[in-house]
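Visitor: Could you walk me through this structure? I am new to the subject and shall ask as we go.

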Amino acid sequence: MMAPPVVSVVGTGLQYPPHKLGPEFVPKLVSNCYTDNVALLKIIEINERTKIENRYSVLPSNHPLWFQDHILTNTECDDLFKKYGIPLAQDAATQAIEDWGGNLMDITHVVAMTCTSASSPGFDCTLSRRLGLSKHVRRTLLSGVTCAGSVAALRTAYDLLRGATQEGKPARALVIAAETMTVYVRGWLETIVKESIPNIGPTLFGDGACALVLSNGIGVKEGEREPIWNIHGAQSTLLDRPGCVGIRWMPSGVMPIISKDVPRMIKSALPSSFGNLITNSPSLRLEESNFNPSTYDWALHPGGAAILTGAEHALGLASHDHLRMSYKCYRSAGNTSSATVLSILHRLARAYREGLSGRSKVIGAAFGADITVEMIVLTKPSCELVH
């Protein structure tokens, strides 16, 4: 009997910008640029509770753009993404390609995601050209899926490579997410002042880029690395909660929409979403233990501390164990939107390679617009389950 087609993760790369914003950044920015405002005082209170130690930014904390009277326009923010975000994406992609060890010309697909640029041509076009990829590479740029974009991009690449397998063709996909969310912080604060409505965006988001290379295992050449993980299934679930999660496009750029009910809704949805993922993964559903969330490491999107603690309670996970890399990523880099789950997977892969303990199975989970739950399940090839 022919073995089912396998799509594998064969390379990872992560790049943060050089500058860090500590917990003192938001209060300093508020005190320097605004008089007392009830909504801003609430933001400072939230800032003290985030448990984020640092966020990365393409701009240093003393950059004049933070403190000037002129609020950056959407176009100016997009220009900053092109100036700083695309080089971050290029660095992360180069790392992932070098980690994979294959030939650039063998990359057949690019699946890209960002929440911080809506230009056309998209950054996938510029990135492909800078990397020197084939002019025939099949590019897909996702839009409108917000923080769920990391796993949505993986799912999309997984499906594309399975399609290539059905045609008997070798395929390699570069999955890339890049964000420069911090360039919008001053505009967010300005909107909070004008509307007198708090928004957690200024306290939560950071910048970064992460890339993974996927392979369908056909026509493997000398130099290509062995799979890090094999993907066994992916799932997208729309909870249909309009207005709870999204992005508002404004003259000063993107404004995140995150309802205070989001952690509760995600907590409620996680058990059934996980169960459905395993049920719909033929290679896993026959073994009862695979339905136990605690038998997996979790790369779970840290949309905030409440989402992480909600997942612990809903799934029986431990912060120092199953969610260790999710917490580590959150504390050290904040929420980097669509790059976050990819960055957690990168950290897990590097930890495994360094001989640190880890489980043979991983769940990637991210949450986005109108509360879309994106999930993917991966296993180490050396520990594949036999049924």
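Predicted model: local features only at pLDDT ≥ 70, side-chain atom pairs only at ≥ 80, totals over all residues.

Visitor: Where is Asn32 placed?

Guide: Asn32 is in helix H1, which covers residues 25–33.

Visitor: Is Asn32 buried or exposed?

Guide: Asn32 is exposed, because its relative accessible area is 52% and the term applies over 50%.

Visitor: And what separates the C-alpha atoms of Asn32 and Gln15?

Guide: A distance of 30 Å separates them, although the two residues are 17 apart along the chain.

Visitor: Let us turn to the strands. What is the order of the nine strands in the open sheet?

Guide: The order is S5-S4-S6-S7-S1-S8-S13-S12-S11, and the pairing is mixed. At the edges are strand S5 (138–142) and strand S11 (297–300), each of which pairs on one side only. From one strand to the next, the twist averages 25 degrees.

Visitor: What does pairing involve?

Guide: Strands of a sheet pair through backbone hydrogen bonds, and the sense may be parallel or antiparallel.

Visitor: In which sense do S11 and S12 pair, parallel or antiparallel?

Guide: S11 and strand S12 (residues 361–368) pair in the parallel sense, over four bridges. Within S12, Gly364 is the bridge partner of Ala299, and Ala365 is the bridge partner of Leu300.

Visitor: Which way do the residues of S11 point?

Guide: Asp297 and Ala299 point one way from S11, while Trp298 and Leu300 point the other way. All of these residues are buried.

Visitor: How do S9 and S10 pair?

Guide: Strand S9 (residues 245–250) and strand S10 (residues 253–258) pair in the antiparallel sense over six bridges. They form a hairpin, with two residues between them.

Visitor: Which classes of residue make up the lining of the largest pocket?

Guide: The lining has 23 nonpolar, 12 polar and five charged residues.

Visitor: And cavities? How many of 30 Å³ or more does the structure hold?

Guide: The structure holds three cavities of 30 Å³ or more. The largest cavity has about 60 Å³ of space, and its lining includes Leu59, Trp66, Tyr184, Arg186 and Ser252. Helix H3 (64–67) and helix H7 (185–195) are the elements that give two or more residues to that lining. By class, the lining of the largest cavity has seven nonpolar, two polar and one charged residues.

Visitor: What about the second largest cavity? What is its volume?

Guide: The second largest cavity has a volume of about 50 Å³. Its lining includes Leu21, Pro23, Asn47, Arg55 and Thr203. The lining of the second largest cavity divides into three nonpolar, four polar and one charged residues.

Visitor: Now the backbone. What is the rule for phi and for peptide bonds?

Guide: Most residues other than glycine have a negative phi, and most peptide bonds are trans. In this model, the peptide bond from Ser120 to Pro121 is cis, with omega near 5 degrees. Pro121 lies in the loop between strand S4 (109–113) and helix H5 (123–131).

Visitor: What is phi for Asp370, and what is it for Ile371?

Guide: Phi of Asp370 is near 55 degrees, a positive value in a residue other than glycine. Phi of Ile371 is also positive, near 55 degrees. Asp370 is in the loop between S12 and strand S13 (372–379), and Ile371 is found in that loop too.

Visitor: Are these two buried or exposed?

Guide: Ile371 counts as buried because its relative accessibility is 1%, and the limit for that term is under 20%. Asp370 counts as partly exposed, because its relative accessibility is 28%.

Technical notes: Residues numbered from 1 in each chain as written. Heavy atoms only, no water. Buried < 20%, exposed > 50% of the residue type's maximum accessible area, 1.4 Å probe, protein only. Pairing = 2+ DSSP bridges. Axes fitted to C-alpha atoms, helices over the stretch in contact; angles between N-to-C directions. Nonpolar A, V, L, I, M, F, W, Y, C, P; charged D, E, K, R; others polar. 1 Å grid on protein atoms, 1.4 Å probe; cavity = no way out; pocket = protein on both sides within 12 Å on 5 of 7 lines; lining within 4 Å. Points joined across faces, edges and corners; volume = space filled by probe spheres on them.
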